[in-house]
Amino acid sequence: MGFVAKPSENADGTNNMLVWRLKIPAKASSIWAPGLFSATMTFTSEYPARPPRVTFDRIGGELLFHPNVYDDGGAPCCVGATAARRLQRRFRRLPTQASA
């Protein structure tokens with residue numbers, strides 16, 4: 001399984017395009033394999049000038065231990081920017097309504 005991202009759902013059932021749920025697989029050769037880690041990526045209205053914030057979910061009540069994850073579960077902006085670039089590449093490959 002690869003990187004998975006989908007928008008969260010608002011109370012009325014519509015998609016919240018500013019808050020995305022992520023599933024990030026561990027690299028097969030890493031000490032974290034075969035982990036699949038859940039996170040939330042939150043965009044602001046300032047995107048793309050300001051990168052999204054990525055926050056990893058707790059695992060069994062514990063924060064993910066990784067050198068690039070802060071004590072509050074947050075990750076540096078480069079992680080958010082990398083994840084955002086993956087989303088942008090994925091959506092560029094999707095057909096638009098006009099071309100579908």
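Residues are numbered from 1 along each chain as its sequence is written, and side-chain values use heavy atoms, with hydrogens and water left out. Because the model is predicted, local features need pLDDT of at least 70 and side-chain atom pairs count only at pLDDT 80 or more, while totals for chains, interfaces and linings use all residues.

The average pLDDT (the predictor's confidence in each residue, from 0 to 100) is 77, and 63% of the residues score at least 70. Among the elements, β1 has the highest mean, 94. Helix α1 (residues 77-93) has the lowest, 58. Helices (H or I, at least four residues) and strands (E, at least two) are DSSP runs, numbered from the N terminus. Over residues 96-100, pLDDT stays under 50. The model has one contact beyond four places in sequence for residues 96-100; contact means heavy atoms within 4.5 Å.

Strands pair if DSSP finds at least two bridges between them. Strand β1 (residues 4-9) pairs with β2 (residues 15-25) in the antiparallel sense, over six bridges. In this pairing, V4 stands opposite K23.

S8 lies in strand β1. S8 is buried (under 20% relative accessible area; exposed is over 50%, partly exposed in between; 1.4 Å probe, protein chains only), at 16% relative accessibility. Beyond its neighbours within four places in sequence, S8 contacts T14, N15, N16, V19, W20 and R21.

The largest nonpolar core has twelve residues. Such a core is a set of buried Ala, Val, Leu, Ile, Met, Phe, Trp, Tyr and Cys residues joined through side-chain atoms within 4.5 Å. Its members include W20, L22, I24, F37 and F43. β2, β3 and β4 (53-56) each supply at least two residues of this core.

One aromatic pair is found in the whole structure. Rings of Phe, Tyr and Trp (its six-membered ring) pair if their centres lie within 6.5 Å; planes under 30 degrees apart count as stacked, over 60 as edge-to-face and the rest as tilted. The ring centres of F43 and Y47 are 4.8 Å apart and the planes lie at 80 degrees, so the pair is edge-to-face. F43 is buried at 10% relative accessibility. Y47 is partly exposed, at 26%.
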